[in-house]
Amino acid sequence: MNHKFFYFCSMLTNAQVKHIRSLQQKKFRFEHREYLIQGDKIVLDAIQSPTSPKLIVASETWVNSHEQQLKNFSVEIANERQLQQMSSLKNAASVVAIMPMHDDYVDLKLLSEDLVIALDFVQDPGNLGTILRIADWYGVRHVLCSLDTVDYTNPKVIQSTMGAFLRVEVHYVDLQQTIADLQAHYPGFPIIGSFMDGENMLNQKPMPRGMLIMGNEGHGISKVLEDACKHRIAIPSYPVENQSMESLNVAVATAILVSELRKPFQ
């Protein structure tokens with residue numbers, strides 16, 4: 001192996017394997033303020049993102065194939081057995097990386113200038129991952145999560161985002177307090193809630209700024225946040241009188257509503 005690019009390259013130790021394996025558990029992710037990403041595409045995306053990996057662990061073959069891209073990164077070589085031990089995937093990836101968790105500070109001014117998605121007790125990792133992809137697609141840069149929403153560093157969430165977590169900032173906050181602070185500092189900032197009995201979204205004007213609150217998969221938006229919603233909107237079925245199911249999946253509903261709110265003004 002040509003080491004001229006790897007001033008930080010070495011072989012992985014058993015202690016490092018143990019530490020990386022521990023990041024499969026939420027308590028250790030939060031204790032160390034870091035989490036694991038797995039797979040070729042997602043790691044290469046992370047290398048090019050503003051938030052750099054703290055450590056990249058890969059097979060020697062993978063490292064040799066990406067020498068130029070790995071300049072100035074800390075790299076550890078792992079064998080096949082070690083990669084299998086560290087992986088949560090059925091088929092272990094050739095590369096994993098440790099990413100730093102960002103803090104949950106939110107800039108109210110930045111939030112007030114754009115469309116923000118807020119998630120109230122969303123529990124399914126796949127739903128959260130899909131919502132982050134939706135946010136990324138529609139240029140929503142901030143997603144606020146209630147403190148009881150599923151952890152975005154959960155491996156299932158990370159894999160389902162397809163790299164969107166690198167471009168969308170996820171913050172875990174007291175939603176009630178954050179909404180109160182926004183309304184106090186920026187009166188008139190729209191708070192929009194998704195409700196089955198809300199106004200038809202087709203009658204809703206596009207909103208270049210505001211907060212869209214999406215509720216729990218089974219119970220919807222909590223009462224304490226419902227009271228803060230000045231705009232209640234609903235997705236109509238087709239035809240309107242046809243109620244073929246109780247509700248849409250929260251990720252699907254988020255996609256439809258964000259698409260509607262992002263429509264350009266006519």
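At the start of H7, which backbone nitrogen does a side-chain oxygen of Asp 124 reach, and within what distance?

Author: Happy to! The backbone nitrogen belongs to Gly 126, and a side-chain oxygen of Asp 124 comes to within 2.9 Å of it at the start of H7. That pairing is a polar contact (N or O atoms within 3.5 Å, one able to donate a hydrogen and the other to accept it; residues adjacent in sequence count only through side-chain atoms on both sides).

Before going on, a word on the ground rules: this is a predicted model, with local features needing pLDDT of at least 70 and side-chain atom pairs pLDDT 80 or more, while totals for chains, interfaces and linings use all residues. Residues are numbered from 1 along each chain as its sequence is written, and side-chain values use heavy atoms, without hydrogens or water.

The setting is a chain of 266 residues, 48% of them buried (under 20% relative accessible area; exposed is over 50%, partly exposed in between, with a 1.4 Å probe and protein chains only). The chain holds 11 helices and 11 strands, which are DSSP runs numbered from the N terminus (H or I of at least four residues, E of at least two). Its C-alpha atoms fill a box of roughly 65 × 40 × 35 Å along the principal axes. Of the contacts (heavy atoms within 4.5 Å) between residues at least 6 apart in sequence, 78% join residues at least 24 apart.

Now to the helix itself. H7 covers residues 125-137. The buried residues of H7 begin with Pro 125, Asn 127, Leu 128 and Gly 129, and continue with Ile 131, Leu 132, Ile 134 and Ala 135. Those buried residues have E6, E7, helix H8 (155-161), E8 and H11 among their cover. After the helix comes Gly 139, where phi is positive, near 70°.

Why does His 142 count as buried? Because its relative accessible area is 13%. Beyond its neighbours within four places in sequence, His 142 touches Leu 110, Leu 111, Val 116, Ile 117, Glu 169 and His 171. With His 171 there is also a side-chain polar contact of 3.2 Å. Leu 110 lies 32 residues away from His 142 in sequence, and the C-alpha atoms of this pair are 9.1 Å apart in space.

The other element is H11, residues 250-261. Its 12 residues reach 16 Å between first and last C-alpha, close to the 16 Å expected. Buried in H11 are Val 250, Ala 251, Ala 253, Thr 254, Leu 257, Val 258, Glu 260 and Leu 261. H7 is part of what covers them, along with strands that include E6 (115-119), E9 (191-200), E10 (210-214) and E11 (231-234).

Gln 204 sits in the loop between E9 and E10, and its relative accessibility of 14% is why it counts as buried.

Arg 33 has a phi of about 55° and lies in the loop joining helix H2 (26-32) to strand E2 (34-38); its relative accessibility is 32%, so it counts as partly exposed. For Asn 72, phi is about 70°, and its loop is the one between helix H4 (60-65) and strand E4 (75-77). Asn 72 is exposed, because its relative accessibility is 68%.

H2 and E2 turn up again in the cover of helix H1, together with strand E3 (55-58), helix H5 (80-86) and E5. The buried residues of H1 (residues 14-22) are Val 17, Ile 20 and Ser 22.

Key: The expected span of a helix is 1.5 Å times one less than its number of residues.
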